[in-house]
Amino acid sequence: MSMPSSSSSSRPVVRLKPKANARAIRHGFPWAYDNELVTDRRTKGLVPGTLAVLEDDKRQPLGLVATNSQSKIFCRMLDRDPEAQVDQAWFEGKFARALAMRERLFDAPFYRLIHAEADGLPGVVVDRFGDTTVVQPNAAWAEALLEPLVAALVAVTGVSNVLKNGSGRARGLEGLEDDSAVMVGAAPEAPVPVVMNGATYMADLTGGQKTGLFYDQRPNHGFAAGLCKDAKVLDVFSHVGGFSLAALAGGASQATAVDGSAAALELAQAGAAAADVADRFATRKGDAFEVLSALGEEGAKFDVVICDPPAFAPSKPALEKGLRAYERVARLAAPLVAEGGYLGLCSCSHAADLARFRGASVRGIGRAGRHAQLIHTGFAGPDHPLMPQLAESGYLKSLFFRL
């Protein structure tokens, strides 16, 4: 076993193989994969979440990393300073920087506060709902350091309640248990109303998906709302009414939300009532593909149809199957759009990049016998910043077509 180099304290050292791309890491790439490292019994024995110094093959330190021997992403860069102390003060610096940008972008404290690597906290997501924040520690190092992380979050933002959402696929990949808890304060007893694009959304912070509400679609909801004045709108895979409630705020004459979850549709209904648009809002519970097919058979027509499905291609192996599912959505949705109407198609799949998603969507529209103009391409809002070195972090794509 090699002795730790003098540059680092008593921290373990992990070293890149000579053929690994140290320059990419020097230029900001945040990960080192298991096959890029010299792995001996010692590195394989590191407890997941252990902090270590990453060195290149010439033993020059590249920075302080969080390790996980159970994951393909063995190292996640935390700090370019290999001597950095990851304590409450360190976390406070990260939160203060993230908060400064959100406060400039948004006039109310409802946004994604931490978007993982791009905000300097790999594998960590924090969504803010006024006085309550929901933390997803999706990486082993963050789970291990959750106490100073939460203390820093409270110190910087002044929130009263911090909930931990410990569910989801990402945690499984890190070898972490499903485990949700109230860390500080109390969980809200009722869904929290969140106003975006003039619509009111009900965020269920304890029983809902992910952290209760998807902030990432905010600019796309806003764009869609601008197409919806006096329009008849169909919102498929609506969750808590994302596009349909924004459409009603934008002056739609009526909107129908379709989702497989009764609970999500109830929250959508509550949001419509809170914004006083319930008389123009309808819901239809069922499998989205079946409802699209049934509406087609009924000969239904809408001025605007928007489909925002779950991730059909969450990983590379699922890509081909996922692209076929996106094509099918487009093929079933396009016939429901009135002549001169608009079709919005969204994908939140990491593995399906913009070109492939666009290709699948255009094929589906063509197979439905419709002609399209692509008028707008949308992405996640600025509270979901992109790490330029990590193209995968640009997961959300929204395409708007005129048919």
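This is a predicted model: local features need pLDDT of at least 70, side-chain atom pairs count only at pLDDT 80 or more; totals for chains, interfaces and linings use all residues.
**Entry 1: H3 and H5**

I started with helix H3, residues 88–105, and helix H5, residues 146–157. Their axes come within 8 Å and cross at roughly 45 degrees. I noted that angles from 65 to 115 degrees count as roughly perpendicular and angles under 35 as roughly parallel. H3 and H5 are therefore oblique to each other. The crossing of H3 past H5 is right-handed.

Next I looked up which residues of H3 and H5 meet. On the H3 side I found Gln-88, Phe-91, Glu-92, Phe-95, Ala-96 and Leu-99. Their counterparts in H5 include Pro-148, Leu-149, Leu-153 and Val-156. I then sorted the H3–H5 contact by class and got 11 nonpolar, 2 polar and 1 charged residues.

**Entry 2: the sheet**

I turned to an open sheet of 7 strands with mixed pairing. I wrote down the strand order as S15-S14-S13-S16-S17-S19-S18. Which strands stand at the edges? They are S15 (281–285) and S18 (373–378). Each has a single partner strand, so one side of each is left without a neighbour in the sheet. From one strand to the next, the twist averages 15 degrees.

Strand S13, residues 232–236, pairs with strand S16, residues 302–307, in the parallel sense over 4 bridges. Opposite Val-233 I found Val-304 in S16.

**Entry 3: H11 on the sheet**

Last, I checked helix H11, residues 319–333. H11 lies across S16 and strand S17 (337–347). Its direction is at about 160 degrees to S17.

How values were computed:
Residues are numbered from 1 along each chain as its sequence is written. Side-chain values use heavy atoms; hydrogens and water are left out. Axes are lines fitted to C-alpha atoms, for helices over the stretch in contact, and angles run from 0 to 180 degrees between N-to-C directions. Helices (H or I, at least four residues) and strands (E, at least two) are DSSP runs, numbered from the N terminus. Angles under 35 degrees count as roughly parallel, over 145 as roughly antiparallel, 65 to 115 as roughly perpendicular and the rest as oblique. A crossing is left-handed if the near helix is turned anticlockwise from the far one by less than a right angle, and right-handed if clockwise. Contact means heavy atoms within 4.5 Å. Ala, Val, Leu, Ile, Met, Phe, Trp, Tyr, Cys and Pro count as nonpolar, Asp, Glu, Lys and Arg as charged, and the others, Gly among them, as polar. Two strands pair if DSSP finds at least two bridges between them.
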